[in-house]
Structure formats: structure tokens, C-alpha cells
Amino acid sequence: MIHVAVQPGIIDVAAELVRHDAGGHGASASFVGRVRGDGGLAELFLEHHPVMTHAALAELARAAAERWALPAVTLIHRVGAMLPGDTIVLVLASSPHRSEALAACAFLIDRLKTDAMLWKRETFDDGRVQWVEQRETDLDRAACWEDRS
Amino acid sequence: MQISYFSWVRERMGIAEEHVALPPDVAELSALIAWLAARDARGAHAFAEPERIRAAIDGTMIGPDARIADAREIALFPPVTGG
């Protein structure tokens, strides 16, 4: 089962894990990304494309499920305004065995940083507003998955 | 052709999308970006650094040499920063 969502509402990690694991898989790997409150961050805003963001996440989930023969993938990204501590992204990957689940989970979080149309805008306590710049290390991590089988 | 803008490209253009009639010699993405940069002050600001612009045609990411003549919608945006 593949479940992909792009949503303005909070991500209920516990509820999503219950839904995802309804199949009783042998191994489930998870990644939970949260808003850091570094440097006096007051709000993080995630801009997205009304169609393409979901399409890119769905394609990544499909690719991961095929590559590691996963029975279940959950990929949920929040958009809109968030506060420090809020969950931005949830990745769940399940397999009969741990190695496939862990590899697929890492693939999904690395690739969604470069493949999905999402942009972070930070607002700080002192009123500064800035768009987050893409990091070379993120590009390098995402590119690694092109070479591995 | 519809062009949509995102993130700071949208802010600098002052609009989220527009319909444009392109001159016949604007056939590749790089030419479109140069045309927008030369059109007015907002375009000059948004597209001052073409190497920082990414694009997609009808949902597929494309490179600077990609042909755009048959596109319905082109999205122009900075490098993505999700996750």
C-alpha cells in the first residue's frame, strides 16, 4: 500500500504509523523531520505547487516500492505555516527485512529534498524573512542513489 | 502559454502566473529566461541570475536547452528546499 499526502494540517505520526502498519510488516523504518528553532526562528512556511509536488512524491514512493519490493510506503509532507517543533515530513517504509526498509527510507528523504517542488521561507523573531538556499550536500546525497543498486 | 512563478521568483515578479505570447525566436528555456529578464524591471530582478532558475514543463523538470515551443504551462522557480 502506497500512501502519499501533501497537507496543510498537522501530521499525526502515531495515527499514520498505525495505518501504515496495518499489514503487520516484518520491518518498518521511519523518518520524522521537524522544524528546528535555530537562530530565533518564529515561523517556517513551505510553499508548494498545487499539482506537481504531490506528483513528484507519488513517483518517488512508487520508485522506492519497486526498487526494494516494499509492501508499504507512506510519504507525507506538510505545507503552509509551521512552528518550531512541528513535523514537516514523515517517511515510513516497510519490508519483510530491515535492510530494505532502512535503505528505502533513506532514499526517500534524500530524494524528496531535490525532486519535489517545495520551498522553505523562514521568519525570525526580529522580523527578518528569508528563503532557504539549497545545500550542495543535499544534492550530493540525492545523487548517490543514482549509482547504487 | 501560461507561466507560473514560485518562491522568490514569484515575489520578485509580483504575480503567481501569467499568459504570454512569445516571439517565434524564443524557442528554448534559456531564451525564455533572457526574454523575461529583458522585458521589464521585475523580470530583470527575478532573472538576474539565470543559473539559479529551475523549470518544469507540464510537470516535468527540464534543463536550459529544453525546447518550450509546445508547452502549455512552464513553471519557473529557485532550487527546491523541501524535506
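Let's start with helix α1 of chain A, residues 13-20, which lies across β1, β2, β4 and β6 (87-95) of chain A. It runs at about 20° to β6(A). Angles here run from 0 to 180 degrees between N-to-C directions, with axes fitted to C-alpha atoms, for helices over the stretch in contact. Contact means C-beta atoms, placed from the backbone, within 7 Å. Helices (H or I, at least four residues) and strands (E, at least two) are DSSP runs, numbered from the N terminus.

A word on provenance. This is a predicted model: local features need pLDDT of at least 70, side-chain atom pairs count only at pLDDT 80 or more, and totals for chains, interfaces and linings use all residues. Residues are numbered from 1 along each chain as its sequence is written, while chains are lettered from A and ligands numbered from 1 in the order in which they are written.

Helix α3(A) packs on the sheet too, touching β2, β4 and β6 of chain A. Its direction makes about 150° with that of β6(A).

Now the sheet. It is open, with four strands of chain A in the order β1-β4-β6-β2 and mixed pairing. Two strands pair if DSSP finds at least two bridges between them. β1 (2-7) and β2 (27-34) of chain A stand at the edges with a single partner strand each, so one side of each has no neighbour in the sheet. Neighbouring strands are turned by 5° against each other on average, direction ignored. β1(A) and β4(A), residues 72-78, run parallel, joined by six bridges. Within that pair, A:Val6 has A:His77 as its bridge partner.

Next, the core. The largest nonpolar core has 55 residues. Such a core is a set of buried Ala, Val, Leu, Ile, Met, Phe, Trp, Tyr and Cys residues joined through C-beta atoms within 7 Å. Buried means 20 or more other C-beta atoms within 10 Å of the residue's own. Those with the most contacts inside this core include A:Val91, A:Ala64 and B:Leu76. Helix α3 (98-115) of chain A gives the most, seven residues. Beyond four places in sequence, A:Val91 touches A:Ser30, A:Phe31, A:Leu75, A:Cys105, A:Leu108 and A:Ile109.

On to α2(A), residues 52-67. Its buried residues include A:Met52, A:Leu57, A:Leu60 and A:Ala64. After the helix comes A:Ala69, with a positive phi near 50°.

Last, the chain contact. Chain A puts in 21 residues, chain B 13. On chain B's side, α1 (7-13) and β5 (73-77) each supply at least two.

Note on methods:
A residue is buried if 20 or more other C-beta atoms lie within 10 Å of its own, exposed if 12 or fewer, and partly exposed in between; C-beta atoms are placed from the backbone. Two residues are in contact if their C-beta atoms, placed from the backbone, lie within 7 Å.
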